[in-house]
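Hi,

Here's the structure I promised to pass along. Have a look at it first, and then read my notes below.

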Amino acid sequence: MSAKRNAKIGEILVELGHIHQEQVDEALELQRLRPKRLGQILLDLGYCEEDQLLDALSLQFDIPFERDLTDQIDSSLTTKAPINFIREYRMVPFKQDGSVYCVAVNDPVNLLPLDDLRLLLNGPVAPVLCRGDDIQRVLDSYFDQQGENAADMIDDIVLAEGETGEIHTLDSLEASERDLLDLANEAPIIRLINLLITGAIRERASDIHVEPFERDVRVRYRIDGVLYEKLAVPKSQQAAVISRIKIMANMNIAEHRLPQGGRIKIRLSGKEIDIRVSVIPVAFGERVVMRILEKGTFLFGLEELGFAKQDYALFDKLIMSSHGIILVTGPTGSGKSTTLYAGLQRVNSPDKNIITVEDPIEYQMAGIGQIQVRERIGLNFAAALREILRQDPDIILVGEIRDHETAEMAVQASLTGHLVFSTLHTNDSAGAITRLVNMGIEPFLVSSSTIAIMAQRLVRRICPDCKEEYEPEAESWAELGLAPEEARGLTAWRGTGCEKCQQRGYYGRVGIFELLVMSPLIQELTLKGVDSNVIKREAVKERMRTLRADGAAKVRAGISTIEEVLRVTRDDLLDGVVA
């Protein structure tokens with residue numbers, strides 16, 4: 001097929017037989033709601049593979065597509081361009097063809113930086129399309145592994161201490177603020193903290209925990225919802241490490257008795273990273289937790305969250321309601337904000353006025369007014385919500401319903417013609433009804449204002465590179481709620497561990513959901529003030545799929561494991577509902 005420079009990417013994919021025209025039309029509809037390239041949307045929907053998209057881009061831009069870089073990389077060339085340039089533009093010179101430097105690129109739309117690379121290499125360059133993962137592997141292999149790592153840095157610090165004989169104790173460091181500031185700005189400590197942060201981002205960690213104990217300071221990463229211990233920092237470096245983090249987050253390094261909060265903003269590989277920092281005093285010093293927020297990664301569509309078909313169709317219909325409250329419940333870190341943002345993206349359009357009140361504003365969305373709660377000056381959720389109602393909103397998002405006043409304002413807003421999204425910290429969907437009543441909201445107001453409640457959790461996905469099929473014991477299926485006759489002959493999947501998942505067997509996460517709709521029967525039970533377990537059982541009779549049942553479906557589909565679903569759905573057993 002000849003070059004298709006003037007053809008559209010959707011047309012080329014259809015002509016190549018990779019997708020159907022109906023799939024292109026669906027992606028074009030989504031593109032109106034979400035500012036993404038058509039090819040990326042088709043990838044997100046699962047309608048085409050990256051290789052198929054790169055095939056089409058190769059034809060469109062008349063650039064060759066190289067499927068395997070493994071045996072072609074000349075490591076001497078990768079170091080000829082500055083690492084900052086390569087990481088920002090994701091362009092890697094990997095071999096020389098005569099006098100021409102072949103450069104691996106993943107985005108053929110932005111080739112202007114090639115001009116700079118031509119000057120840097122002092123020779124002609126030719127772009128070659130490559131998979132994004134292949135380029136990242138080159139970056140990791142030839143830069144990160146050649147550089148320092150945090151463990152080596154700590155070994156050097158310990159060795160230096162042994163040579164000089166200068167070992168600073170926590171007490172001596174705290175006694176002098178100037179000494180502490182000097183130590184926090186020493187090159188080894190600066191590099192160590194930078195390595196801890198870049199290492200966490202590279203391993204897809206959501207949080208970094210720095211925890212002081214009697215004899216050392218342990219560093220742990222939370223990856224896919226589970227904490228993993230990474231290394232131990234010498235006790236002698238505790239004060240310097242904590243102070244360096246405080247300096248980066250604009251905190252008071254002289255204050256050791258009170259909790260503090262702050263933010264760190266960094267740029268890594270062309271991406272903006274926002275880090276929320278919390279410091280609290282504990283028995284052996286100060287404990288730090290850094291929450292990593294990578295801007296841009298939250299932009300999931302509803303279709304990417306992991307909904308079952310029936311729940312997706314129902315939730316998509318519910319968020320188009322003109323008024324009422326839609327609640328998303330679950331513990332901290334269960335993906336509630338991601339779901340709400342995905343819902344807002346779906347309903348966001350120029351003819352709607354959408355306003356949010358959040359604490360904090362985690363991600364900024366175009367076309368939506370977002371208010372930051374400021375408790376110190378009296379701008380709490382309830383006060384902000386009261387003012388929002390004077391702004392003629394169509395849709396309101398309340399970050400969290402924490403008290404009676406906020407709950408009451410949300411109910412009143414829904415009853416006066418507004419659609420309200422919010423979250424509650426309850427174990428399941430039915431428990432949210434009881435929680436609202438316990439907050440002081442009359443049962444008749446709960447039943448008339450609430451249109452749906454969705455509980456959710458996040459389970460780890462099986463690593464696609466090392467997944468294997470096996471036949472679990474009948475007892476394991478029984479724990480998921482499957483009868484022996486249903487489980488007979490069923491197979492499941494698990495990860496054996498590989499380089500991609502760092503021998504964990506899991507890579508990434510997906511949601512499991514429990515969507516309770518306020519049907520006439522559920523409204524009647526709410527008015528009677530019955531127990532939440534009774535409401536849940538009746539909802540199951542009305543074909544509501546529980547968290548565990550949705551998890552079981554994902555196990556049968558080979559998405560997650562039995563052990564993982566059981567780990568995050570223990571509440572179903574406590575409630576006595578396993579259906």
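This is a predicted model: local features need pLDDT of at least 70, side-chain atom pairs count only at pLDDT 80 or more; totals for chains, interfaces and linings use all residues.

What follows is a quick tour of some strands, a sheet and a few salt bridges.

I'd start with β5, residues 216-223.

β5 has antiparallel pairings with two strands. With β4 (residues 205-212) there are seven bridges, and Ile208 has Tyr221 as its bridge partner in β5. A three-residue hairpin connects β4 to β5. With β6 (residues 226-234) the count is eight bridges, and there Arg218 sits opposite Ala232. The β5-β6 hairpin has two residues between its strands, and Asp224 in that hairpin has a positive phi near 55°.

Next, the seven-stranded sheet. It is open, with mixed pairing, and the order is β12-β11-β13-β14-β10-β15-β18. β12 (369-372) and β18 (506-517) are the edge strands; each has a single partner, so one side of each has no neighbour in the sheet. From one strand to the next, the twist averages 20°. Inside the sheet, β13 (residues 395-398) and β14 (residues 419-424) run parallel, joined by four bridges, with Leu397 opposite Phe421. Helix α15 (residues 336-347) packs on this sheet, and its direction makes about 170° with that of β14.

On to the charged pairs: the whole structure has 32 salt bridges.

- Asp274 and Arg263 meet at 3.0 Å, N to O. They sit in β8 and β7, 11 residues apart. Asp274 is buried at 5% relative accessible area, whereas Arg263 is partly exposed at 28%.
- Glu303 and Arg346 have their closest N and O atoms 3.9 Å apart. Glu303 is in the loop between β9 and α14 and Arg346 is in α15, so the pair ties together parts 43 residues apart in sequence. Glu303 is partly exposed at 25%, and Arg346 is buried at 17%.
- Glu538 and Lys541 come to 3.5 Å. Both are in helix α23 (residues 532-541), three residues apart, or about one turn. Lys541 is exposed, at 63%.

There is also a network: Asp51, Arg131 and Asp134 are joined through salt bridges that share partners.

Cheers

How values were computed: Residues are numbered from 1 along each chain as its sequence is written. Side-chain values use heavy atoms; hydrogens and water are left out. Two strands pair if DSSP finds at least two bridges between them. Axes are lines fitted to C-alpha atoms, for helices over the stretch in contact, and angles run from 0 to 180 degrees between N-to-C directions. Contact means heavy atoms within 4.5 Å. A salt bridge is a side-chain nitrogen of Lys or Arg within 4 Å of a carboxyl oxygen of Asp or Glu. Buried means under 20% relative accessible area, exposed over 50%, partly exposed in between (1.4 Å probe, protein chains only).
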